[in-house]
Amino acid sequence: MSDALQQASKQYLVRYGGDAFPKLFRSAKGTVVKDSDGREYLDFTSGQMCATIGHNHPAIIDAVHRAGEKAFHLFSGMIPEVVAELAQTLARDWLPGDLQKTIFINTGSEATEVALRMAKLYTDGYEVLVLGGSWHGITGGASSVSMASDRKGYGVPAPGVFVIPEPNAYRPMLPGLSEEASALAGLELALTMFDMQSSGRGAAIIVEPVISAGGVLVPPQSFMQALRKAADDRGMLLIFDESQTAFGRIGSRTGSEYFGVVPDIMTMSKTLGGGLPLAAVATTAKIEEVLHDRHFTFYTSHVSDPLTAEVGLAVLKVIAEEHLIARATTMGAYLRARLQELQERHEAIGDVRGLGLLLGVELIQDRASKLPAHALGALTTQKCFEKGLSMNIRRRPECGSVWRIAPPLRVSHNEIDRASPSWMRRCAKARPACRLINTPLGSRAVSRSQICQLARQVAQVYITLADHAIGASQPVAIRLAQVAGAQHHDRDVRPPRLPAQRMQESEAIHNRHGEVKKDKLRGGARK
Ligand SMILES: Cc1ncc(COP(=O)(O)O)c(C=O)c1O
């Protein structure tokens, strides 16, 4: 059956970009996804960054049932009760400042289209300032304002788009300046150029609070404040695309709350539906009034659908009741600390950045040149997947090779141990990390020392991934480290040093599951 479907997928599906995995997938629960062979993978991308509360949370399943008993879909002019309730909940508990009125659609791309149409109609302008490295979606208007997407070959993009250099603390546009000074200088230059080129019909500035596809870049607060001022000075609207940052992932309710800057329009998508296609765009009552007077239209087949609204309400409730915003901060700090330990020890980790549980790790060839280590990024991501950990790698030629790590906010060591014991066993039996290098670099053109160097990097990266990703399963990390260290006879490849607290935690968990004996664990850690 599975082979036949695998064949069917090749024969009947359009390939839509990105790296498709060789296997078909069957199911997902919590932090774990399963392929059609029943093999489990830790999902450290939360699906496509959507399953913030974990895959198929019981509250989502209940919400789908509830909608099934009431209505999945209605005529678009019939506003479902649950849609009114969701709009009220957002305005009351989640949206910043005076953002109050919301429209519900399906995807992030669609949300960008709504926001741009609002800004254009409100200002009677069409010019839009966007950030380098941005991603706001794939539909016509959205792709016109996206700089990280594949723009070539699809005809004429919407006119009137101007680019502001994205702030990048690790690779400042103007070397020698501080992160903040470089970001502000880039903005000033872009605004000067814009003012020179503008036909006087500015509509909007659109920005992701964390520039995610562009490499998980966090702008300085003063940069976001300067964007607010730039929009006000020019009579343009400020749009925050909170597709990834809203509802807890970064350790605050929204990016707007984190930066203390309130936009005129906020788009939300991925994280609101928890895996179902729900997106929303919010604005102020004043702007909405003007738009309505000017006959604002965004009338689609699935606007205000009750099914997804029911799910959105459930997602927000879970985030609040399970204190997932605070959890994003604590688990994010834990994950980040592991990555920073790795960075201290290994040259290939150039930068660790991000907020809460939206983290980026930039891989470089060496710290002096900061040249991107694209091959290493691709290889580690692929090998991690083969060993049961799914993460995302962002590759941009002008920037770096960046792992994007964004597990569900409910992720815990405990949960990982409970959810995927078979994965852990498989990982424990994994081949020595150093052998990973054989396939792509087993060529005579590569010198022995180059192979050794890259093998060391891969081993180091892989060990730490196992270390941080599986958290409490230190025996696995220790074993990998021992094997790699023994095979390389290299001082750089050593078993990770583990904080006492983590050891105790690990012991407790493993003893409870009867999988690992205390003395064995201690012995392993000492070696
Ligand atoms: C910040 C941001 N905005 C918009 C989108 C587009 O959302 P969708 O893929 O749901 O159309 C994405 C998707 O990755 C995104 O990351």
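Among contacts in the protein between residues at least 6 apart in sequence, 73% join residues at least 24 apart. The model is a predicted one. The protein has 527 residues, of which 51% are buried. Its secondary structure consists of 21 helices and 15 strands.

| Pair | Residues | Angle | Axis separation |
|---|---|---|---|
| Helix 3 and helix 12 | 58-69 and 306-321 | about 150° | 8 Å |
| Helix 7 and helix 8 | 179-197 and 221-233 | about 20° | 9 Å |

Helix 3 and helix 12 pack at an angle of about 150°. Angles over 145 degrees count as roughly antiparallel, so helix 3 is roughly antiparallel to helix 12. The crossing of these two helices is right-handed. On the helix 3 side, the contact is formed by A59, I60, D62, A63, V64, R66 and A67, and on the helix 12 side by P306, L307, E310, V311, A314, V315, K317 and V318. Sorted by type, the residues of the contact of helix 3 with helix 12 are eleven nonpolar and four charged, with no polar residue. D62 and R66 of helix 3 are among the residues in this contact, as are E310 and K317 of helix 12.

Helix 7 and helix 8 pack at an angle of about 20°. Angles under 35 degrees count as roughly parallel, so helix 7 is roughly parallel to helix 8. The crossing of helix 7 and helix 8 is right-handed. Helix 7 contributes E180, A183, L184, L187 and L191, which meet S222, F223, A226 and A230 of helix 8. Seven residues of the contact of helix 7 with helix 8 are nonpolar, one is polar and one is charged. Among the residues that meet here are E180 in helix 7 and S222 in helix 8.

**The ligand**

The ligand is surrounded by 14 residues, and the closest are T107, G108, S109, G137 and S243. Helix 5, which spans residues 108-123, gives the most to this shell, with three residues. By type, the shell around the ligand holds ten polar residues, two nonpolar and two charged.

Terms used:
Residues are numbered from 1 along each chain as its sequence is written. This is a predicted model: local features need pLDDT of at least 70, side-chain atom pairs count only at pLDDT 80 or more; totals for chains, interfaces and linings use all residues. Axes are lines fitted to C-alpha atoms, for helices over the stretch in contact, and angles run from 0 to 180 degrees between N-to-C directions. Helices (H or I, at least four residues) and strands (E, at least two) are DSSP runs, numbered from the N terminus. Angles under 35 degrees count as roughly parallel, over 145 as roughly antiparallel, 65 to 115 as roughly perpendicular and the rest as oblique. A crossing is left-handed if the near helix is turned anticlockwise from the far one by less than a right angle, and right-handed if clockwise. Two residues are in contact if their C-beta atoms, placed from the backbone, lie within 7 Å. Ala, Val, Leu, Ile, Met, Phe, Trp, Tyr, Cys and Pro count as nonpolar, Asp, Glu, Lys and Arg as charged, and the others, Gly among them, as polar. A residue is buried if 20 or more other C-beta atoms lie within 10 Å of its own, exposed if 12 or fewer, and partly exposed in between; C-beta atoms are placed from the backbone. A residue is near a molecule or strand if its C-beta atom, placed from the backbone, lies within 6 Å of it.
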